[in-house]
Amino acid sequence: MAKAECTPKWNTLALRNRKTCPTPEKSFQTTFTPVSKDKNSQTAGHLAGGDTQSSNGPSGQFLARESIESPSKVLLMLVAGLSFSTRLYMITEPPHVCWDETHFGKMGSYYINRTFFFDVHPPLGKMLIGLAGYMSGYDGTFPFIKPGDKYENQNYWGMRGFCATLGSFLPIFAYLIVLELSNSCTAAIIAATLLIFDTGCITISQYILLDPILMFFIMAAVLSMVKFNQQRYRSFSASWWLWLVLTGINLAGALGVKFVGLFVIILVGLNTIWDLWRLLGDMSLSLVDIAKHFLARAFALILLPVILYVTIFAVHFVVLNKSGPGDGFFSSAFQSRLIGNNLHNASMPEYLAFGSTVTIKNLRIAGGYLHSHWHLYPEGVGARQQQVTAYLHKDYNNLWVVHRQQDNNSQSGNPDLVRHGDIVRLEHKETTRNLHSHLHEAPLTKKHFQVTGYGINGTGDANDLWQVEVCGGRKGDPVKVLRSKVRFLHRATGCVLYSSGKTLPKWGWEQIEVTCSPYLKETPSSQWNIEDHINPKLPNISLSVLKPNFLEILLESHIVMFRGNSGLKPKDNEMNSKPWHWPINYQGLRFSGVNATEYRVYLLGNPVVWWINLASLGLYLTMVAVASIATQRGFSLGQQRIGGGLLMLGWLLHYAPFFTMGRILYFHHYFPAMLFSSMLTGLTLDILFRSADLLLHPPYSYWFQRAGQLLLLFSILYSFYLFHPLSYGMTGPLAHEPGSAMADLKWMDSWEF
Amino acid sequence: ICVSEMLQLPLVVTAQVDLLLVLVSLLAFWTRLSHLNYPNAVVFDEVYYGQFVSLYMKRVFFIDDSGPPLGHMILASGAYLGGFDGNFVWNRIGAEYPSTVNVWSLRLLPALCGALCVPLVYLLTLELKFSHLSALGAAVLLLLENSLIVQSRFMLLESVLIFFVLLAFFSYLRFHNAPSSWLILSGVSCGAAVGVKYMGLFSYLLLLVVASLHTWKLIGDKTISHMNVCVQSVHRVLCLVVVPVLLYVFWFYVHLSFLNRSGPHDQLMSSAFQASLQGGLSRITRGQPLEVAYGSQVTLRSSVSQPIPCWLHSHKVNYPIRYDNGRGSSHQQQVTCYPFKDVNNWWIIKDPGRQQLVVDTPPRPVRHGDVIQLVHGMTSRFLNSHDVAAPMSPHTQEVSGYIDFNVSMPAQNLWRVDISNREAESEVWKTILSEVRLIHVNTSAVLKLSGVSLPDWGFRQLEVVADKLFKAHSSSLEWTVEEHRYGTSQEQKEREAELHSPTHIDVDRKISFWAKFVELQWKMLTVKQEESEHKYSSSPLEWITMETNIAYWLHSSTNAQIHLIGNPVSWGVANLSLLAYQLLAVVYLLRRRRGLKDVPDGVWDQFVCLGCVCVGGWLVNFVPFLLMDKTLFLYHYLPALCYLYLLSPALLEHAHTHLLSSVTHQRALCVGALAVLLSIFLTYRTFCPLTYGSPELSAHQLQGLKWRDTWDILYRRR
């Protein structure tokens with residue numbers, strides 16, 4: 001839609017002949033009155049006050065369009081130029097692995113090598129990184145073992161450059177969004193300047209990370225949504241559809257990179273509900289029209305993103321077809337898809353027999369292998385016997401030997417098969433302890449009984465006996481490897497072997513709790529399958545395991561991801577960042593280097609920018625409160641609505657949920673919220689400057705406005721000059737030591753540069 | 001003249017008594033208060049609250065992170081009325097009370113509050129502008145709810161909380177309907193509700209939201225003058241914000257001024273706080289000199305009490321030459337942090353420029369910025385640090401008691417005193433009050449408790465290091481002088497004897513109420529108790545369908561038992577009305593948006609107000625639990641449930657009057673409602689044995705009461 005930002009506000013025109021655009025363009029002080037040409041523009045006039053953004057009505061904008069296109073374009077070019085140059089400057093420095101590049105770079109390599117891995121984030125971001133690396137000639141051989149490893153001759157610039165390019169779009173998007181929302185170049189320029197010269201935004205864009213990609217999609221989604229809102233008087237036109245579909249695509253992109261994308265989906269969802277509510281109240285629309293609107297949005301904002309999101313996963317699973325480090329997190333059926341996994345085209349004895357060595361996997365999604373090791377339960381946690389846990393990785397301690405009730409020695413001849421109803425004893429191969437349970441409370445799930453390893457060399461007691469039960473089977477059915485769901489019922493207490501999915505504390509090596517549940521309901525948590533099966537006395541038969549269908553894989557990988565995410569608990573000794581630290585820029589993150597001799601990069605926002613943002617939030621709330629009380633009391637402010645509600649909501653949605661999260665949090669989680677906050681600052685400060693004429697008379701108010709803008713610009717530029725080494729690298733002594741270049745800049749004791 | 005006129009008037013008392021209200025109140029008292037002292041044993045969480053009641057009786061200081069002190073005070077006042085002296089060991093559920101304990105009075109106040117909830121609900125429905133019949137319905141639902149009865153009859157706090165919450169809403173709505181002085185009562189109840197349990201905060205916030213919506217309407221009313229609007233708004237802010245906050249602080253004021261003896265939780269608090277309590281630390285430190293001087297003998301306590309409080313310590317054992325992982329050490333004397341009082345915790349402050357270890361007359365105080373040496377009292381080693389990696393935290397420097405092995409490792413034993421809570425630049429180092437950092441002069445590293453415990457060679461004491469890269473406001477860097485005396489003996493032997501003797505001299509110190517309040521509040525919010533699953537804990541989603549119960553008490557020899565089980569029929573009615581309201585609200589809203597007004601505006605306002613209070617109340621008291629990481633129990637759902645009981649009859653009345661037009665339908669609804677009420681009464685009767693713990697049921701009968709597979713009902717094997 002038209003860039004109408006430089007038109008005098010026609011509803012205030014009668015009061016003041018004042019321009020709202022700071023550009024030197026003075027040619028169109030023409031006054032015009034809004035002409036109600038058609039039905040649409042009348043509606044515009046009615047609704048302008050009640051919506052999140054102010055619209056001057058299309059009739060005014062068409063008139064003004066010609067004359068303002070050029071300055072706004074020039075400004076946009078300027079923003080783009082500055083943005084790209086600050087982000088791409090020194091992109092290859094430092095030439096070693098920084099911070100989380102060790103994860104995401106490695107995962108990019110996995111895509112190039114087509115190796116299967118497990119990560120808590122959805123795959124799109126890493127896929128794009130891998131693609132960028134592939135296109136720029138990176139061959140996927142660099143191991144990315146730990147931060148600080150030198151890249152040597154690897155082509156890492158492509159991946160970094162790709163992230164930086166996406167990161168460079170952020171100020172441009174911010175500019176466009178604020179322009180759409182406020183119709184004021186000044187506001188847009190302030191927002192863009194804040195982001196361009198923020199050291200934090202620069203640093204986080206310059207490395208191989210998911211954040212620039214995520215923020216790109218978030219901002220793109222918000223921009224398309226705002227553009228779409230502007231199209232509301234041209235329902236179902238081509239541009240209406242374009243922005244609507246673009247919103248949907250970007251939502252899918254945001255969610256495809258990180259689950260944080262969910263917040264922007266909520267933002268768009270709320271906006272859409274509000275929009276539909278407005279349409280519903282519009283009595284000129286028939287119910288059929290409203291249904292059309294609803295269906296169009298449901299298609300573009302729900303169906304389309306879901307399809308795209310699923311497609312991303314489909315590509316992920318198709319590309320990664322080789323066995324890799326993430327196998328153990330998934331079910332046996334899933335693993336059989338992966339080339340190189342021992343279950344791929346597996347060949348093993350078909351039926352479980354006495355004397356076999358097996359691994360036993362829990363059927364709950366992301367349930368581990370039944371596991372034990374040479375460690376006892378600590379004092380005070382049930383009986384002090386050997387721990388039995390569930391473990392997600394493949395390991396020798398996952399091996400168990402199936403024995404008869406009594407005998408220890410394997411007989412000669414063909415071994416007997418284990419059948420439904422048989423009593424077995426499971427001996428842990430490495431430690432020769434028997435799987436055992438008794439009437440003690442389990443360590444975490446207090447309603448269940450404890451499971452331990454007991455006895456030695458297979459000699460134990462009556463509590464070591466378990467009855468095998470094939471789910472859905474009858475007495476005498478054999479146990480099929482991989483395909484049968486098996487339950488183990490404890491003979492003495494009648495409980496069933498169960499994996500609760502809760503993570504044990506440190507003493508249990510953060511493995512998963514295994515208990516014996518007295519509640520006999522059949523759930524995947526109490527069902528197990530036999531995965532590996534070794535018995536030299538039986539013939540191996542090639543097994544084609546039932547291949548899981550795509551939806552099962554999708555569901556399984558999501559549950560595994562959510563488990564992984566909630567499992568990222570803060571460790572005792574690790575530094576833990578708190579959400580309230582973030583807006584005040586309390587503490588940054590070391591991206592690279594600790595000591596004086598190293599090349600150091602420190603992720604920290606430009607304090608001037610961040611503190612201005614913080615102050616503006618307060619200012620915004622005060623202004624809104626004052627303005628709405630005044631309106632409620634019937635004063636006419638003669639001004640447009642402030643219109644930052646959408647941005648405020650965006651900030652809240654991207655910030656407040658972190659307070660309730662139990663997982664470990666980092667400073668960089670605040671950056672999406674910071675984008676919204678900066679845009680809001682642009683809007684707020686612009687209105688503040690313009691409100692000067694409530695107090696001052698025309699020439700002075702104009703001067704005040706200019707002075708304020710210049711002061712703001714100068715302080716941002718100067719602070720960027722001061723703090724730019726944070727992003728572009730520092731060497732030499734640390735800031736609190738004499739002789740450092742950053743000597744006087746350690747304004748807060750908590751900064752560590 | 002006036003008097004004579006009055007005398008001519010007939011003396012008339014005109015009283016209107018709502019007989020229904022009186023009746024439900026009486027029934028409420030009967031269901032909640034009868035046989036209150038049965039069972040004569042500790043029931044469930046009485047074991048938890050009881051210990052605090054005992055501490056109150058003995059005026060011993062404690063911290064309870066589960067809630068502010070008003071709840072404990074109410075329970076304690078009940079105990080006080082019954083003459084309880086605090087001499088009872090609350091150690092296990094089911095322990096018999098001795099005859100000296102007046103069980104009835106211990107349980108009286110919660111039961112009274114629980115009983116008063118019933119008439120309050122009646123009145124609250126009336127204030128929501130529904131009929132007396134609806135009010136009766138709500139009161140009966142509450143009256144016959146087994147879980148509320150159980151929760152009221154013991155020394156627990158939920159019924160008190162629910163009482164104050166209902167009172168707050170009732171008095172606010174009464175104020176809203178007819179402006180009067182009821183608002184102040186509403187504020188007081190809010191303060192009390194939050195003071196009983198932090199959960200009261202949810203309802204308080206909801207009340208604030210409702211009040212601000214009403215105020216917003218008031219502001220929009222242009223028939224009222226600006227001045228009047230200002231006055232009204234300020235009045236509301238005063239009553240609903242200022243009063244509760246002041247009250248909340250007041251509860252702590254009473255708590256702190258009442259509990260003035262040292263007790264089991266002392267160690268969690270700072271030295272200054274402890275010194276303000278009678279006994280404990282203050283007994284040791286009473287009479288110590290205030291200003292630390294050269295020659296002072298001191299113990300240095302680490303300000304951080306994680307994992308446990310400890311004192312800077314050294315002993316005649318050296319660091320091993322090589323650690324298990326092959327790294328070398330200086331092999332000098334170990335310096336650790338030791339969690340027990342010990343003679344090896346004593347250090348002497350020495351002026352680097354002079355030899356003597358006694359205090360001059362007059363004493364020369366140590367000030368901020370001074371450089372000192374610290375001499376270990378028993379071994380005379382100097383506190384030293386150097387560029388050797390610390391045993392467990394290799395990125396930091398080792399701290400040792402210096403021994404010269406002649407290996408060109410010179411002594412680096414100068415430390416600068418940095419008082420971090422100083423008010424002036426040349427402040428004197430004060431006992432207990434000053435938080436001090438010791439900065440190593442040669443390397444500018446800071447003496448720090450790393451929080452890691454040493455292996456066997458260090459006797460599992462805590463590691464002390466010097467750290468160059470430190471966070472600014474980490475309390476692991478700060479040390480306070482706890483025990484202190486002026487040294488008088490220059491000779492080592494005499495000094496050892498002196499260190500073994502206790503300290504005396506007289507000075508009095510106090511810290512202000514605000515400092516204590518802030519510290520206590522902060523500790524309550526940050527002290528983390530080990531969260532583990534309880535046998536009867538449950539997750540919030542299980543509450544809606546009442547998947548779990550809680551066994552409160554089981555008779556020591558028979559099958560008589562008490563369970564927290566709700567009335568399943570009422571529970572179902574509550575869930576149904578919640579759903580029905582939401583459905584109806586959505587339909588109404590959509591139709592109104594299209595200009596179809598199903599009900600007149602007055603009725604619509606009433607409907608909205610009902611939703612704000614009841615559905616809103618359910619939401620704010622339920623949804624937050626979904627986000628919590630705590631161990632939760634079924635009784636956390638009871639406040640939310642009460643809101644739903646308020647909702648059900650009102651919604652029924654709404655449907656009756658405004659939705660059903662034909663008389664037959666209305667009659668059918670009435671009959672249905674009566675049938676439901678009857679079945680509620682019958683279920684109440686059925687579950688009575690589990691609610692009151694008598695009569696004893698046979699195993700077979702108990703089996704019959706197990707309406708859900710997931711309920712745990714206990715059978716005694718015979």
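How many disulfides does a search of the whole structure find over all chains? In this predicted model, the search finds two disulfides.

**Disulfides**

| Pair | S–S distance | Torsion about the S-S bond |
|---|---|---|
| C495(A) and C516(A) | 1.9 Å | 100° |
| C310(B) and C337(B) | 2.1 Å | about 90° |

In chain A, the link of C495(A) and C516(A) is right-handed. C495(A) lies in the loop between β10 (486-490) and β11 (496-503), while C516(A) belongs to strand β12 (residues 512-517), so the pair ties together parts of chain A that are 21 residues apart in sequence. Both C495(A) and C516(A) are buried.

The disulfide of C310(B) and C337(B) is right-handed. C310(B) sits in the loop between β1 (296-302) and β2 (311-318) of chain B and C337(B) in strand β3 (residues 333-338) of chain B, so parts 27 residues apart in sequence are tied together. C310(B) is buried, at 0% relative accessibility, and C337(B) is buried as well, at 0%.

C98(A), by contrast, is in no disulfide; the nearest cysteine sulfur, that of C163(A), is 13 Å away.

**Interface of chains A and B**

Contact involves 33 residues of chain A and 29 residues of chain B. The area buried between the two chains is about 2500 Å², with carbon and sulfur atoms giving 56%. K447(A), Q632(A) and R633(A) supply 29% of the area that chain A buries against chain B, more than any other three residues.

Between chain A and chain B there are zero salt bridges, but nine residue pairs are in polar contact, both residues at pLDDT 80 or more. On the side of chain A that touches chain B, α10 (261-281), α11 (287-319) and α14 (607-632) each supply at least two residues; α10(A) gives the most, with five residues. The residues of this side divide into 15 nonpolar, 11 polar and seven charged.

Note on methods
Residues are numbered from 1 along each chain as its sequence is written. Chains are lettered from A and ligands numbered from 1 in the order in which they are written. This is a predicted model: local features need pLDDT of at least 70, side-chain atom pairs count only at pLDDT 80 or more; totals for chains, interfaces and linings use all residues. Side-chain values use heavy atoms; hydrogens and water are left out. Contact means heavy atoms within 4.5 Å. Buried area is the accessible area (1.4 Å probe) that two parts lose on being put together, summed over both. A salt bridge is a side-chain nitrogen of Lys or Arg within 4 Å of a carboxyl oxygen of Asp or Glu. A polar contact is a pair of N or O atoms within 3.5 Å; within protein, one must be able to donate a hydrogen and the other to accept it, and residues adjacent in sequence count only if both atoms are side-chain atoms. Helices (H or I, at least four residues) and strands (E, at least two) are DSSP runs, numbered from the N terminus. Ala, Val, Leu, Ile, Met, Phe, Trp, Tyr, Cys and Pro count as nonpolar, Asp, Glu, Lys and Arg as charged, and the others, Gly among them, as polar. A disulfide is a pair of cysteine sulfur atoms within 2.5 Å. Buried means under 20% relative accessible area, exposed over 50%, partly exposed in between (1.4 Å probe, protein chains only).
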